[in-house]
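Open the model in your viewer and keep the selection panel at hand. The tour below goes stop by stop.

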Amino acid sequence: MAIIGIDLGTTNSACGVWKPQGVELIPNRLGEVLTPSVVGLDDSGEIIVGRTARQRLIHHSDKTVAAFKRLMGTGHRVGLGTQLFTATELSSLVLRSLKEDAEAHLGEPVEEAVISVPAYFNDNQRQATKQAAELAGLTVRRLINEPTAAAMAYGLHQNQEGLFLILDLGGGTFDVSLLEFFEGVMEVHASAGDNFLGGEDFVEAMINDVLASRDIPRDSLPASVLQNLYLQMEGAKRKLGTPQTLTLDLNGQSFTHEVTPEWFARIATPLLLRAKHPIERTLRDADLHPGKVDEVVLVGGSTRLASFRSMVGKMFGRLPSCHLDPDTVVALGATIQAGLLARGEGLDDVVLTDVCPYTLGTGIINEDNPSLGDYFLPIIERNSVVPISVERRLSTASDGQTRITVKVYQGENRLVEKNVQLGEMEVQVPKGARGQESVTVRYSYDMNGLLEVDVTVTSTGKTYHKLIEHSPGGLSEEEKAHSRERLASLKFHPRDGEENRALLARADRLFESNLGERRERIADLMGDFEQVLDRQNPLDIARAQKTFREALDFLESESWF
Ligand code: ADP
Ligand code: MG
């Protein structure tokens, strides 16, 4: 039975199977090799995964979730409709969708997989990934680090030895890893990176510039207009090679916007400069001259940006390796590993150093604007090399205060409310004037995602201690069973229904972003299509799908590009 290779990405996921002639990437039910890592509930409460769900992200934000990979290994739950789900459960839905696609493609059951994870994933996050697979009915034969998978896709594991730098710029993250292939083992050295830099940021910057240059406050735009603008900019970003004139409909006014290389360069420069830092830091940490790197490999959809490629070219004085499709190169590598494992020849890879992928901090009173809730005070900054221990001092905020509550948060937002609370502890302090009493809060974080919090009251010397497991090491059998039950109770779409939903979701989106006659036209098309669906004749449906799709293509091309 086949072992499939899976790239479970923050933005997109993909899978493949090893065949005698090499890797075969597996198309999903919509015929695409990339499945957006987005989960949603449709209007009838059924679970949808992938492109159909992604199309509903802005309009149905309460019923759609994305980027949950960022929360892997935390107990944090996100709302989807009326229920709450962990990142593990949501990931299991994506994995399940991939598994079903693979089974449909191969015509046989699929029960085993190699799944890639970021090199900086700690034990909890790796464990959570395995649990997600288990919930989806897959046994993980091996987890593989994403940069290792990319290196294998480029065949670097067939070299004698060497130093490789893997630059992975995805939708929302930038990961830099230095790999050393030595005596048959791929060693992953310090992974630096920027957890909040990716393709989405380029689109955001484009949108902000367009709005700022026309003095339009972002909040004044309804979701449908924003969604439209987002799609236009995302589309424009992918076609920077050709000059484009966009017609933007913003609050009832129509603007034309020229997308030129000069404009994009101005927008992209600050982001590209940010991308330079972790690359330089990695080289500096390893005390490495750029010329000593044997191979620079580009991974992730956003490395298609010509400006990113030329920046890397300039830094290293040569062209990076990028001839493989950067969106699927990790899935390719995971599948090669699956192929090797099937023959008992899997490649070993180890992570040598680890970083704390998120900022850990505490809350402090927000005196400027109490209604916003407390401010976040970072204690351990993200990407700090672990183990690490840092302390900060906090003082009482009001007269006569006898207790200080130290809340522990993980996240990057200025406001604690937008970050994830990991725990809290209460500390007694002697009564005194405001600011007179203080405590030192020490955070110590180790490789396994264990956070130790030590609080010492300065005046009394009394100490308090708390150990926070990011997510308690593995769930109990009972919790697992509960999770399984919850997932089983969800309603799933039949595979072949998916294409129809995708088309209707797309039409819905078009309807919401258009007006007048075009709206009527779209409503008519949807009505016709729904009637055909009602009659449930497969042949008619296939024909109607084609007409409907072409009509939507036409409407889209007319309005946007
Ligand atoms: P992740 O690893 O986060 O799941 P991917 O590697 O799939 O992400 O990258 C997704 C990102 O790649 C998106 O932000 C998308 O806009 C970007 N992208 C895809 N194709 C292109 C292109 N041709 N030009 C620029 N960016 C692209
Ligand atoms: Mg990726």
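How are H7 and H8 oriented to each other? The model is a predicted one. Select residues 261-285 for helix H7 and residues 306-316 for helix H8; the two pack at an angle of about 40°, with their axes 10 Å apart. H7 and H8 are therefore oblique to each other. The crossing in which H7 passes H8 is right-handed.

Next, show the side chains at this contact. On the H7 side, select Phe-264, Leu-272, Ala-275, Lys-276, Ile-279, Glu-280 and Leu-283; they meet Ser-307, Phe-308, Met-311, Met-315 and Phe-316 in H8. Coloured by class, the residues of this contact of H7 with H8 are nine nonpolar, one polar and two charged.

Move to ligand 1. There are 16 residues around the ligand, and Thr-11, Asn-12, Glu-234, Lys-237 and Gly-301 come nearest. Zoom in on the polar side-chain atoms: one of Glu-234 lies 2.5 Å from an oxygen atom of ligand 1, and one of Lys-237 lies 2.6 Å from an oxygen atom of ligand 1.

The last stop is another helix pair. Select residues 497-513 for helix H11 and residues 516-535 for helix H12; their axes come within 9 Å and cross at roughly 160°. H11 and H12 are therefore roughly antiparallel to each other, and their crossing is left-handed. Residues to display here include Leu-503, Leu-504 and Phe-511 of H11, and Ile-522, Met-526 and Phe-529 of H12. The contact of H11 with H12 divides into ten nonpolar, one polar and four charged residues.

Key: Residues are numbered from 1 along each chain as its sequence is written. Chains are lettered from A and ligands numbered from 1 in the order in which they are written. This is a predicted model: local features need pLDDT of at least 70, side-chain atom pairs count only at pLDDT 80 or more; totals for chains, interfaces and linings use all residues. Side-chain values use heavy atoms; hydrogens and water are left out. Axes are lines fitted to C-alpha atoms, for helices over the stretch in contact, and angles run from 0 to 180 degrees between N-to-C directions. Helices (H or I, at least four residues) and strands (E, at least two) are DSSP runs, numbered from the N terminus. Angles under 35 degrees count as roughly parallel, over 145 as roughly antiparallel, 65 to 115 as roughly perpendicular and the rest as oblique. A crossing is left-handed if the near helix is turned anticlockwise from the far one by less than a right angle, and right-handed if clockwise. Contact means heavy atoms within 4.5 Å. Ala, Val, Leu, Ile, Met, Phe, Trp, Tyr, Cys and Pro count as nonpolar, Asp, Glu, Lys and Arg as charged, and the others, Gly among them, as polar. A residue is near a molecule or strand if one of its heavy atoms lies within 4 Å of it. A polar contact is a pair of N or O atoms within 3.5 Å; within protein, one must be able to donate a hydrogen and the other to accept it, and residues adjacent in sequence count only if both atoms are side-chain atoms.
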